[in-house]
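Subject: Structure handover

Hello,

The structure is placed below, followed by notes on what was found in it. Please go through them with the coordinates open.

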Amino acid sequence: MLQFKIIPVTPFEENCTVVWCDETGDAAIIDPGGEAEVIQKTVADLGVNVKKILITHGHLDHVGAAQQLADHYKVDIIGSDINDQFLFESLPEQCMQFGFPYVKPFLPTKWLNEGDKIELGHLTFDVLHCPGHTPGHIVFISSADKTAFVGDVLFKNSIGRTDFPRGNYQDLMHSIKQKLLPLGDDITFIPGHGPMSTFGDERKNNPYLV
Ligand SMILES: [Zn+2]
């Protein structure tokens, strides 16, 4: 069964999430945006074994500690979709723009495509390409556990910004309405910022979707 722990990191309170299979203890770190030491301490306290780092999109506050943690745990960085390559390559510029400490540019070990599957212990995550906030944004879905990790596509009572480079409002709405919401009202999602919610609650109450 899927277990997870959210660790808000960076001044943007980005929801870095440690997710693990409670039968094997195999874990992944989703969107380690910064504060690598805090994430490492949480992982140690949980007693889980980090097997991979998963990335929803290339914004600094979601990837800032990824390379440091990949080196520490000797694991791969997997995702986003290749259309976010320009963001990984411009990490120093993103740092300057947002007043973050310097982060060296890096590229994921492996880009992801829609339909890919991620195995973690006995868990399986489906990969959906959900562009709009960024062109290469992807989302991780555990159908068995009715849980989705949606990055900055959808929030409780809000949606992702589309005013960043290569953002696209039509693409974002298509991603939410045609790809995420049809997965079912009973899916709980962990957004990149702020509280959790369900697709059903957002379909009924999110002011940007009604
Ligand atoms: Zn973002």
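Glu-35 is partly exposed, with a relative accessible area of 37%; buried means under 20% relative accessible area, exposed over 50%, and partly exposed in between, with a 1.4 Å probe and protein chains only. Glu-35 has phi near 55°, a positive value in a residue other than glycine. Glu-35 sits in the loop between strand 3 (26–30) and helix 1. Helices (H or I, at least four residues) and strands (E, at least two) are DSSP runs, numbered from the N terminus.

This is a predicted model, in which local features need pLDDT of at least 70 and side-chain atom pairs count only at pLDDT 80 or more, while totals for chains, interfaces and linings use all residues. Residues are numbered from 1 along each chain as its sequence is written, and side-chain values use heavy atoms, with hydrogens and water left out.

Backbone

Thr-10 also has a positive phi in a residue other than glycine, near 70°. Thr-10 is in the loop between strand 1 (2–9) and strand 2, and at 9% relative accessibility Thr-10 counts as buried. There is a cis peptide bond between Gly-79 and Ser-80, with omega about 10°. Ser-80 belongs to the loop between strand 5 (76–78) and helix 4 (85–89).

Zinc site

The zinc ion has as protein donors His-57 (NE2), His-59 (ND1), His-133 (NE2) and Asp-152 (OD), at 2.2 to 2.4 Å. Donors are N, O and S atoms within 2.8 Å of the metal (3.2 Å for Na, K and Ca); water is not among the atoms, so sites may look incomplete. The angles among the four donor atoms run from 89 to 169°, and the site is irregular. Four donors count as tetrahedral if all angles lie between 85 and 135 degrees; four count as square planar and six as octahedral if opposite donors are over 155 degrees apart and all others between 65 and 115; anything else is irregular.

Along the sequence, the donor residues of the zinc ion follow the spacing H-x1-H-x73-H-x18-D. His-57 lies in the loop between strand 4 (49–54) and helix 2 (60–63), and His-133 in the loop between strand 7 and strand 8 (138–142), so the pair ties together parts that are 76 residues apart in sequence. His-57 is buried at a relative accessible area of 0%, and His-133 is buried at 3%.

Pockets and cavity

On a 1 Å grid over the protein atoms alone, a cavity is a set of points where a 1.4 Å probe fits but cannot get out, and a pocket is an open set with protein on both sides within 12 Å along at least five of seven lines; lining residues have an atom within 4 Å of a point. Grid points are joined across faces, edges and corners, and a volume is the space filled by probe spheres set on the points.

The largest pocket holds about 320 Å³ of space. Its lining has 21 residues, and Gly-33, Gly-34, Gly-64, Ala-65 and Val-103 are the closest to its centre. Helix 1 (36–46), helix 2 and helix 3 (66–73) each supply at least two residues of this lining, and helix 3 gives the most, with four residues.

The second largest pocket has a volume of about 240 Å³. Residues lining the second largest pocket include His-59, His-133, Asp-152, Arg-161 and His-193. Helix 2 and helix 5 (91–98) are the elements that give two or more residues to the lining of this second pocket.

There is one cavity of 30 Å³ or more. The largest cavity has a volume of about 50 Å³, and among the residues lining the cavity are Asn-15, Asp-31, Phe-149 and Pro-191. Strand 9 provides the largest share of the lining of the largest cavity, three residues.

Phe-125

Phe-125 is in strand 7 (residues 123–129) and is buried, with a relative accessible area of 0%. Not counting residues up to four places away in sequence, Phe-125 touches several residues, including Leu-2, Val-19, Phe-140 and Phe-149; contact means heavy atoms within 4.5 Å. Phe-125 and Ala-148 are 23 residues apart in sequence, with C-alpha atoms 8.8 Å apart.

Regards
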